[in-house]
Amino acid sequence: MGEERRGSRNSRTVVVEMFVIGTVASLAGIALGSAIEWFPAQASSQAGPIDTLWDVLVICSVPIFVGVVIVVVYAALLFRQRPGEENLDGPPIHGNTTIEIVWTVLPALLLVVLCVYAYVVLLDIEQKPAQAATPEMKIDVYGEQFAWTFKYAGANGKPFTTTQLYLPQDRSVKFDVHSKDVIHDFWVPAFRMKIDAVPGITTAYRVTPTKLGIYPVVCAELCGLGHAYMRQTARVLPTDAFDTWLEKESAEDNPPAGGKPVAGGATGATGGGGSDAAEGDAG
Amino acid sequence: MPVTLRQPGWSRASASMVLGLAFSYALSIGARAILGYDPLLDGESVMRIALISVPFFFLVGLGCFSYWFRWASGAPTVPEDHSGHGAKSWKSYFYPNTDHKVIGIQYVVTSFFFMFVGGLLAMLIRAELAAPGRQFVDSNAYNGLFSVHASLLIFLFIIPVFAGLANYVLPLMIGAPDMAFPRLNALSYWLLPVAGTMMMLSFFAPGGSFATGWTAYATLSNTAPLGQEFFTIGVQFAGASSIATALNFLVTIITMRAPGMSFFRMPLLVWANFSTSLLVVIATPFVAASQFFVLLDRSLGFNFFDHGQGGDVLMYQHVFWFYSHPAVYIMMLPGFGIVSEILAVKSRKPVFGYRMMAFSLLAIVALGFTVWAHHMFVSGMQTWIRVPMMVTTAIIAVPTGIKIFSWLATMWKGVLKLDTPMLFTMGFLTMFVLGGISGVMLAMIPLTIHVSDTYFIVAHIHYVLFGGSLFTIFAGVYFWFPKMTGRMYDEKLGKLHFWLTFIFFNATFAPMHVIGVQGMPRRVADYAEQFASWNLVISLAAFGTGISSLVFAYNMVASWRGGPRAESNPWRSLTLEWQVSSPPPIFNFDEIPTVVGGPYEYGVPGAVHGVFGGSPTTAGPGRRGPATTAGAPSA
């Protein structure tokens with residue numbers, strides 16, 4: 001019988017071998033996963049916990065994938081039908097209650113742990129920071145086809161709007177997001193946070209920018225013709241530079257209009273003309 | 001009147017469509033005249049009525065309703081002499097037919113036609129995205145390309161091709177002579193080309209095709225140009241087809257099983273389609289509702305989604321996803337069934353943990369209705385609901401995991417025949433796990449806040465629907481090809497097809513995970529320079545995927561025309577469909593079989609699943625009872 005020959009390799013040896021190869025491959029996979037430059041710059045205090053959550057998920061996932069692949073490959077190598085076995089059947093194993101309970105309970109436990117962890121991260125990234133030196137700033141974000149405008153409360157109670165987002169470093173900012181027409185989605189990949197701009201309701205999230213620089217602002221929800229070109233920039237300034245800018249803007253008695261032409265500011269402000277705005281400063 | 005115009009058929013259908021168009025003009029102009037609108041002729045209004053009415057005129061002309069009309073009007077019905085069964089030549093496939101085997105082939109071939117159209121659109125998408133900036137389509141056309149691509153492949157390929165495969169093999173598997181409602185079955189099929197044609201024709205609509213994605217979110221969809229309605233209305237026809245077929249499957253499975261075929265002796269493909277049909281019957285009306293809302297907003301000035309008039313924009317997403325999340329399982333559970341069949345036969349072992357496999361399907365059905373809002377983590381809905389939806393979404397991985405592990409255990413210690421269906425099945429096992437893993441990642445709210453609406457989502461859905469569903473579809477088509485056509489496919493070409501698909505599929509979709517997390521949004525005709533090199537790689541790989549499908553097409557066509565004749569049971573399978581000739585007799589079984597054991601008793605000495613002609617232990621007066629009485633609906 002082929003059964004004897006099939007069983008000739010000590011099954012314990014095989015399992016040990018698979019386990020060793022699986023461990024090595026998992027470590028290699030995790031190393032590869034860590035080597036890949038997954039995320040854009042970490043420019044907010046929300047980015048860190050989210051990126052760490054990703055790392056944990058990758059570390060949990062790789063061994064599962066590797067395990068399945070190894071079983072499939074080993075099954076193909078060990079148990080493939082060889083010449084002369086065309087009429088051979090396998091052993092009539094119908095199941096095994098113990099092992100079925102194990103592979104029901106273990107993944108469930110892992111998933112519950114991951115959910116709890118993700119919930120903790122969620123609370124962390126959404127909560128208002130504890131009393132800081134400066135109070136939280138509020139900016140109203142308006143999405144329309146196909147541009148964003150930002151309304152600041154301004155210094156001395158003189159509100160103004162711009163099309164380039166300026167943010168102070170290390171100060172929590174709450175965005176109240178509105179839409180003037182269809183659904184958009186306000187996303188700064190470097191901050192990791194996003195939310196839809198929905199006609200009729202105000203949505204919100206908060207970030208604390210931590211890193212100076214210029215970052216793309218992207219519309220992430222399909223909003224029509226010019227969706228791909230609805231890109232602007234966010235600029236994180238040191239606190240004093242930001243305060244200077246804020247006072248200057250409030251002092252200027254200009255009506256809400258386009259932003260200052262700083263560092264490839266807003267492109268193709270309003271009025272559709274999507275493809276004209278294709279300079280793509282979202283690099 | 002010439003006789004061809006009186007007989008059901010394509011001449012009458014064509015004439016009838018002209019009549020339908022005339023009706024649309026008359027209704028629109030008449031209504032506008034009565035209500036005092038100016039001008040009397042409004043193209044959009046005519047088109048809208050035509051989109052709804054012309055398909056019905058077509059179906060009536062083709063004869064899909066003839067029997068019911070006669071019956072309803074009290075006219076003598078044409079006695080069903082079963083002359084409509086079986087295909088006499090290739091032409092028979094172009095007429096309504098009540099034979100589930102003919103309908104199954106109609107379904108599968110039509111679906112694959114739409115797969116090639118949808119695939120071609122994908123090639124255009126990738127050509128446009130090969131480099132940043134505009135290549136050859138403007139952004140409106142681009143938005144149309146991915147919208148029609150997704151709509152065709154979801155509503156006219158994956159969902160119906162599974163219904164088609166099951167239409168062919170399921171009645172055979174349970175020992176039934178046909179589906180429960182053969183005329184409804186014929187109508188279900190003919191709704192599909194209607195829906196598909198409508199979606200493709202949208203490219204010729206003024207303002208271009210529908211371009212709001214397959215999700216068609218309000219308020220973009222209820223303010224989009226007319227092309228949108230080709231989707232809004234097309235989905236109704238595809239959905240009606242789905243619901244009718246699902247009802248048909250449910251009644252067939254519940255009432256027409258052969259004697260002895262208890263629920264726990266059913267092959268898992270039957271279980272899978274039972275579960276899928278439950279999902280379809282409960283969920284599909286919701287997508288119909290969501291599109292009716294849009295249609296009413298657009299055409300009759302309703303304000304479902306106009307917040308200024310008390311409308312609720314987010315409601316669209318809730319109603320839409322209440323169908324469209326279960327739809328993910330509608331597109332996967334039948335594939336699970338196929339995989340269970342193939343793994344048992346090709347590993348020569350019983351399916352490991354049969355009952356848990358069946359129960360996990362039902363668990364997925366139940367849980368599948370509790371996770372829809374995970375598509376809306378960043379939609380702006382009330383925030384607390386995200387957390388329970390995260391937990392249910394993660395937990396649904398448990399029954400799915402049970403299935404994966406049980407399949408692995410089924411292979412272990414078996415005698416694996418590594419031919420094309422088995423290769424696709426093993427490819428499915430590995431690729432679907434990746435799709436499942438990224439699915440669990442996407443359950444985690446903080447991560448989804450970053451990656452929703454990015455290429456990470458595109459990667460995930462293609463690992464699930466291509467690496468998952470499509471691999472099982474290929475496996476199933478190769479596996480039942482001998483039964484359906486009576487011919488063997490070319491094994492060498494099949495294996496070539498598998499390896500090309502497997503390699504290019506991964507090269508296409510794996511990098512999308514990376515650019516998604518890096519911040520490339522989906523559904524964009526243009527992208528930032530930093531994503532250029534990966535996109536070029538993806539486009540080249542996508543063209544490779546496209547070419548690999550040509551190997552499949554050639555193999556199918558050439559083998560159907562001139563492949564070697566297939567035996568009745570080339571795979572040495574125990575299930576009933578392999579116990580009859582290839583292709584099966586017109587009424588499937590010369591004698592209804594009696595089921596005496598489980599479907600996967602491989603390796604059990606002397607085990608049989610069904611017996612023909614009775615056996616001493618089960619023969620008796622009740623043997624032909626329930627199955628044949630319920631099984632003669634066409635009489």
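**A charged pair and its setting**

Author: A:Glu126 counts as partly exposed because its relative accessibility is 28%; buried means under 20% relative accessible area, exposed over 50%, and partly exposed in between, with a 1.4 Å probe and protein chains only. The model is predicted, so local features need pLDDT of at least 70 and side-chain atom pairs count only at pLDDT 80 or more, while totals for chains, interfaces and linings use all residues. Residues are numbered from 1 along each chain as its sequence is written, chains are lettered from A and ligands numbered from 1 in the order in which they are written, and side-chain values use heavy atoms, with hydrogens and water left out.

The side chain of A:Glu126 forms a salt bridge with that of B:Arg386, at 2.8 Å from N to O. A salt bridge here is a side-chain nitrogen of Lys or Arg within 4 Å of a carboxyl oxygen of Asp or Glu. B:Arg386 is buried because its relative accessible area is 7%. Side chains of opposite charge can pair when their charged atoms come close. By this rule there are 15 salt bridges over all chains. A:Glu126 is in helix α4 of chain A and B:Arg386 in helix α13 of chain B, so this pair joins two chains. Helices (H or I, at least four residues) and strands (E, at least two) are DSSP runs, numbered from the N terminus.

Helix α13 of chain B spans residues 386–395, and its buried residues are B:Arg386, B:Met389, B:Met390, B:Thr392, B:Thr393 and B:Ala394.

Another stretch of α4 of chain A holds A:Leu106. A:Leu106 counts as exposed because its relative accessibility is 54%. Together with A:Ile101, A:Val102, A:Val105 and A:Leu109, A:Leu106 makes a nonpolar surface patch of about 440 Å². Patches are made of residues with over 30% relative accessible area and no salt bridge; like charges are joined within 9 Å, and nonpolar side chains (Val, Leu, Ile, Met, Phe, Trp, Tyr) within 5 Å.

The interface as a whole comes next. Between chain A and chain B the count is 3 salt bridges. In terms of contacts (heavy atoms within 4.5 Å), 87 residues of chain A meet 89 residues of chain B. About 7,100 Å² is buried between the two chains, with 72% of that area given by carbon and sulfur atoms. A:Phe79, A:Trp103 and A:Leu222 supply 10% of the area that chain A buries against chain B, more than any other three residues. Buried area is the accessible area (1.4 Å probe) that two parts lose on being put together, summed over both.

Chain B also has salt bridges of its own. B:Arg48 and B:Glu229 meet through their side chains at 2.7 Å, N to O. This pair links distant parts of the chain, 181 residues apart: B:Arg48 is in helix α3 (residues 43–62) and B:Glu229 in helix α8 (residues 228–255). B:Arg48 is buried, with a relative accessible area of 13%, and B:Glu229 counts as buried at 0%. In a further salt bridge, the closest N and O atoms of B:Asp419 and B:Lys346 are 2.6 Å apart. B:Asp419 lies in the loop between α14 and α15 and B:Lys346 in helix α11 (residues 333–347), so the pair ties together parts of chain B that are 73 residues apart in sequence. Both B:Asp419 and B:Lys346 are buried.

As for chain A itself, it has 5 helices and 10 strands. Of its 283 residues, 47% count as buried.

Methods:
Accessible areas come from the Shrake-Rupley method with a 1.4 Å probe; for residues, only the protein chains shown count as cover.
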